[in-house]
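Subject: Structure handover

Hello,

Here is the structure I said I would pass on. Please open it before you read the notes below.

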Amino acid sequence: MTAPDGPVLAIDTASAEATLGVITREEVTERRWTVETNYSRELLAGIDAVLRDAGVMRDDLAAVAVDAGPGGYGGLRSGVATAQGLAFALDLPLAGVSRLELAALPHLDEARPVVAVHAVGGNRVAWAAYLATAAAPEIMVEPRLEAIEDCVERAPAGALWCGEVTADLASARDAAREGDADVAPADNVRRAADLVRLARLHEAFGDAGLVDVVYLRPPPITRSTRR
């Protein structure tokens, strides 16, 4: 279903830089900050602050949209769980969107594909490739977790790269492609608005219970110390 008319709360906790927003048809109110402790301590206070900035009460919200990943395990779990809790408590539709597609969205045009990258550490990256269409972006390469060399080999030629393009990835790509592609600017000042825009394009608002975190690798599990 499409998002109902009225304010939509956007929650993006896929990285250490939190983005929250309240989006209406006329205005975007956004807050961004670097999480200093953890999301479980800072997220609810941030939501209250952005609602206050927008002059919107929780009961005024019409829907919630959340970045479902891939990304940091703890941040994503906090963001999605909080979004679900608000949606259930306020009887609101919830939309979950892909972090990689969200990163690609502001850079898509008809001229070339866009490769969106999330750095996961070591020699691996999560990535996907997209094309602009008149509606929601078309997926050229499904989200996957691969070694940097495999990403460079399989990415579309002539693409614009965006997201977390690390020095190792840029070096491998430039060596293999010899200047075949460009890197988009890292800053995206409308991330919350783009999150809601993407949810609308996919008509993704619906049952909060159906939204879950997207993992491209199993979350780390600490061995129990119990005996």
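At roughly what angle do the axes of α1 and helix α2 cross? Before the answer, please note that this is a predicted model.

**The two helices**

The axes of α1 and α2, the latter covering residues 73-90, cross at roughly 40 degrees and come within 10 Å. Angles under 35 degrees count as roughly parallel and those from 65 to 115 as roughly perpendicular, and α1 and α2 are therefore oblique to each other. Their crossing is right-handed. On the α1 side, the residues in contact are Tyr39, Ser40, Leu43, Leu44 and Ile47. Those they meet in α2 are Gly75, Ser78, Gly79, Thr82 and Leu86.

**Strands β6, β7 and β8**

Next, have a look at strand β7, which runs over residues 124-131. Six of the eight residues in β7 are buried, so the strand is mostly covered. β7 pairs with two strands that I can describe here.

On one side of the pairing list is strand β6, residues 114-121. β6 and β7 are antiparallel and share seven bridges. One of the pairs to look for is histidine 118 with its bridge partner in β7, alanine 126. The hairpin of β6 and β7 has two residues between the strands, and there glycine 122 takes a positive phi near 65 degrees.

The other partner is strand β8, residues 138-147. β7 and β8 also pair in the antiparallel sense, over seven bridges. In this pairing valine 125 stands opposite glutamate 146 of β8. The hairpin that joins β7 to β8 passes through six residues.

**Salt bridges**

How many salt bridges does the structure hold? There are 12, and I describe some of them here.

Arginine 31 and aspartate 53 form one, with their closest N and O atoms 2.6 Å apart. Arginine 31 lies in strand β3 (residues 28-34) and aspartate 53 in helix α1 (residues 39-54), so this pair ties together parts that are 22 residues apart in sequence. Both ends are partly exposed: arginine 31 has a relative accessible area of 34%, and aspartate 53 has a relative accessibility of 43%.

Another salt bridge joins the side chains of arginine 99 and glutamate 164, at 2.8 Å from N to O. Arginine 99 belongs to helix α3 (residues 99-104), while glutamate 164 sits in the loop between β9 (160-163) and α5 (167-177), so the parts tied together are 65 residues apart in sequence. Arginine 99 counts as buried because its relative accessibility is 8%, under the 20% cut-off. Glutamate 164, with a relative accessible area of 29%, is partly exposed.

A further salt bridge links aspartate 174 with arginine 173, and the closest N and O atoms are 2.8 Å apart. Of this pair, aspartate 174 is partly exposed, at 37% relative accessible area, and arginine 173 is buried, at 6%.

Regards

Notes: Residues are numbered from 1 along each chain as its sequence is written. This is a predicted model: local features need pLDDT of at least 70, side-chain atom pairs count only at pLDDT 80 or more; totals for chains, interfaces and linings use all residues. Side-chain values use heavy atoms; hydrogens and water are left out. Buried means under 20% relative accessible area, exposed over 50%, partly exposed in between (1.4 Å probe, protein chains only). Helices (H or I, at least four residues) and strands (E, at least two) are DSSP runs, numbered from the N terminus. Two strands pair if DSSP finds at least two bridges between them. A salt bridge is a side-chain nitrogen of Lys or Arg within 4 Å of a carboxyl oxygen of Asp or Glu. Axes are lines fitted to C-alpha atoms, for helices over the stretch in contact, and angles run from 0 to 180 degrees between N-to-C directions. Angles under 35 degrees count as roughly parallel, over 145 as roughly antiparallel, 65 to 115 as roughly perpendicular and the rest as oblique. A crossing is left-handed if the near helix is turned anticlockwise from the far one by less than a right angle, and right-handed if clockwise. Contact means heavy atoms within 4.5 Å.
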